[in-house]
Amino acid sequence: MFVSIPSVDVMMQCLLPAFTEPSFRTHVQVFLGWVMCLGRRTEYGVFETIRADRPVSRNKRHPFDRFYNFFSRSAWTVQGLAHEVAVEIVLRLNPRGLLYLVVDDTLLHKRGKYVYGLGWFRDAVASTAKRVATASGNHWVVMGLAIRIPGTDKVYCLPIHARLHLPGRGQPGEATLAREMLQDVLEWFPGRKLVFLGDGAYSAKNLLGDLDERVSYVGVMRSDAAIYDPVPPKQPKSKRGRKPGKGPRLPSPQEAVKKADRNRHGKGPWAWQWVEATAYGVTRRLQVLSFQAVWPKVLGLRPILVILVRDPEGKFQDAYLFTTDLSAELSWIIAAYSRRWSIEVAFKASKQVMKIEAPQHWCQQSIEKLSPWVWLMQSMIALWYFTDGRNLPQARAARKRFGEWDTEWSLAHMLRVLRAAILDHTITPTSATKADLQQLLRQLDSYLNLAV
């Protein structure tokens, strides 16, 4: 059995309030098994890795019921574990200042007649601008913290919450699930101000209506959005009836861009201005058109700041952004929204490195718990590397073997370093017999050739 290292133990102890004592011991063992598993991360494969020093006999029932029950029958909740993980991340990496929250949805491909929550949803990876592809699977809405890695300019997303989006009518939509998770985060950090980042799917009234005053939203606006002047026209006192709450209709974002293109003199309300902003790790000089408006269909009569962005080099398509923070600087809005891309990188890592789609579970409890657990443990691995792992001898040795395109901020590198540290800590004269060491070396031969 693998032995955890002290720096990981310290972080895992912070998650103890989310579990009972027996469940916590199982949680640590499943985490080590998931990290050290080299093959397909089916549940059986992970549980077999936990007991790598003792081959499992195929002639009798396997001894893994306790591990299966950890997801299907244990009393711990995703919300409780998410709370502990989020608090640990904020205390270690972002103890003060704004918290940047990112929300997005992703599809985990699955098939099976009895798989809970299974449906046909849009597959963002397979879809193109001209063709929408659908696939079978579980659809998840995930929220993460987009945090700048200490000592660098790199923004990294650490997932802290997830909700399953069930198919069919009458079920909560993505925006509703995002609002529920946002309420949880507001309760976890009552004294903090949040910047909430989302794409066009989350520019919806059931998410942004009556938005908490501590939250500033930065998102995408429809190109044909019906927006209006926030200043209503003056009415004579003698006129009867209800006073207007908004002014005349303004050009839609797409029409406003065309007006700015036709304005060759650069004067008047519909004129481009130049702004230098850092987006996606690169400082660029961009054209920006900004004005205040109200978007009744989404935010009622709450004023918003509309920001239309164009890259004169043509490397990015025009972006139609808006924010509820009327005093925000234009360069900050562009830089803040660019953090949203970090959650796409987190999704890619969870599928390609953590193998989140590999488990073949099907019951409701396992479906609702296992995938969020993997995302939360992905965040714990990144947190461990940012605070302790990058200074270990195993990390320094791995960096010396980097190729031209390698980076230490990839989850694959973090996982390799953690495996090497756990393996070095496990294989000691006091923690295993000679026979146990030989068995471990046989089963981890491929790993030793790669990472040690």
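Of the 452 residues in the protein chain, 53% count as buried, meaning under 20% relative accessible area with a 1.4 Å probe, protein chains only. This is a predicted model, where local features need pLDDT of at least 70 and side-chain atom pairs count only at pLDDT 80 or more, while totals for chains, interfaces and linings use all residues. Residues are numbered from 1 along each chain as its sequence is written, and side-chain values use heavy atoms, with hydrogens and water left out.

The C-alpha atoms fill a box of roughly 95 × 50 × 45 Å along the principal axes.

Next, select residues 65-72, helix H4, together with residues 364-387, helix H12. Their axes, lines fitted to C-alpha atoms over the stretch in contact, come within 7 Å and cross at roughly 95 degrees. That makes H4 roughly perpendicular to H12, a label for angles of 65 to 115 degrees. Now show side chains: Phe70, Phe71 and Ser72 of H4 make the contact with Gln365, Ser366, Lys369, Leu370 and Trp373 of H12. Contact here means heavy atoms within 4.5 Å.

Stay on H4 and colour its buried residues: Phe67, Phe70, Phe71 and Ser72. What lies over them?

Notes: Buried < 20%, exposed > 50% of the residue type's maximum accessible area, 1.4 Å probe, protein only. Axes fitted to C-alpha atoms, helices over the stretch in contact; angles between N-to-C directions. Helix = DSSP H or I, 4+ residues; strand = E, 2+ residues; numbered from the N terminus. Parallel < 35°, antiparallel > 145°, perpendicular 65-115°, else oblique.
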